[in-house]
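Here are some notes for a colleague who has not looked at this structure before.

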Amino acid sequence: MNRVLLLLISIFASSVSPCPLPLTVDISNGEHFDNGTIVSGGISYGPNFQMLVDGKVRGCVCDIRRCVRKCCPVGRLMFGTRCQESDISFAPLVYGDHLLNVTNDHFYYIESNECPMGLYKLEPNEPEDEFFIQEDGRLYVPSQKAFFNPEDYCTDFFIDGEGPHYLSVLVCFKEDVDPDTTTYAYGMIISMPFLLLTFLVYAV
């Protein structure tokens with residue numbers, strides 16, 4: 001009886017969305033305790049760190065651990081515009097007042113690149129696109145004098161053609177951006193390789 005009551009309380013509390021959905025993980029199959037706590041992946045989620053979404057319990061992992069969203073699943077990186085398998089270990093550069101020497105478990109990596117309004121890529125070789133991943137998981141872009149929370153971007157290694165891999169980020173468009181602009185910018189990221197291929201075909 002007590003367990004049922006605690007579960008109902010947990011579900012009611014989760015309906016207020018205690019954290020952004022992109023910063024949650026599915027903990028439905030974790031170990032459930034009588035006090036409403038769920039342990040999943042070695043992390044303990046109290047009732048205040050849970051939310052019910054589409055019948056599954058999701059945990060607010062970024063309220064417990066420092067988080068960064070990784071654009072591709074672990075073991076994959078971004079080849080052009082697609083995630084492909086790679087044996088390159090992912091380890092982003094992390095900054096405080098200077099470049100920090102952190103271990104790979106400094107962040108909990110959420111495998112997600114979802115953004116409601118689409119996203120755009122920062123080119124690290126362009127001065128206006130210079131960025132710094134902060135030790136708390138936020139992204140700082142000096143040219144915009146802006147910080148982006150972990151739910152507002154994802155990061156990964158990228159490979160263009162046969163070049164070396166490099167670290168970059170995909171940043172979410174804000175809701176007040178013109179939808180046509182969003183579609184165009186997102187489409188450019190996806191379609192550029194196909195435009196290049198078309199050009200090469202007609203150039204031959």
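The points below go through the ring pairs, the charges over rings and the cores of this predicted model.

1. Seven aromatic pairs are present in the structure. One of them joins Y120 and F173, whose rings are tilted, with 45 degrees between the planes and 4.9 Å centre to centre. Y120 belongs to strand β13 (residues 119-122), while F173 is in the loop between β18 (166-172) and α2 (179-203), so this pair ties together parts that are 53 residues apart in sequence. F173 has a relative accessible area of 14%, which means that F173 counts as buried.

2. F158 and Y166 make a stacked pair, at 6.1 Å centre to centre and 25 degrees between the planes. F158 is buried, with a relative accessible area of 1%.

3. Ring pairs also link F90, F107, Y109 and F157 into a cluster. The ring of F90 has the charged end of K70 over it, 5.1 Å from the ring centre. Elsewhere, R138 lies over the face of F147, at 4.3 Å from the centre of that ring.

4. Which residues have the most contacts inside the largest nonpolar core? They are F131, I133, L139, F148, Y153, V169 and V171, in a core of 19 residues. Two or more residues come from each of β15 (139-141), β16 (146-148), β17 (153-159) and β18.

5. V169 has contacts beyond its neighbours within four places in sequence, among them Y120, F131, L139, Y153 and F158.

Methods: Residues are numbered from 1 along each chain as its sequence is written. This is a predicted model: local features need pLDDT of at least 70, side-chain atom pairs count only at pLDDT 80 or more; totals for chains, interfaces and linings use all residues. Side-chain values use heavy atoms; hydrogens and water are left out. Rings of Phe, Tyr and Trp (its six-membered ring) pair if their centres lie within 6.5 Å; planes under 30 degrees apart count as stacked, over 60 as edge-to-face and the rest as tilted. Helices (H or I, at least four residues) and strands (E, at least two) are DSSP runs, numbered from the N terminus. Buried means under 20% relative accessible area, exposed over 50%, partly exposed in between (1.4 Å probe, protein chains only). A charge sits over a ring if NZ of Lys or CZ of Arg is within 6 Å of the ring centre and within 35 degrees of the ring normal. A nonpolar core is a set of buried Ala, Val, Leu, Ile, Met, Phe, Trp, Tyr and Cys residues joined through side-chain atoms within 4.5 Å. Contact means heavy atoms within 4.5 Å.
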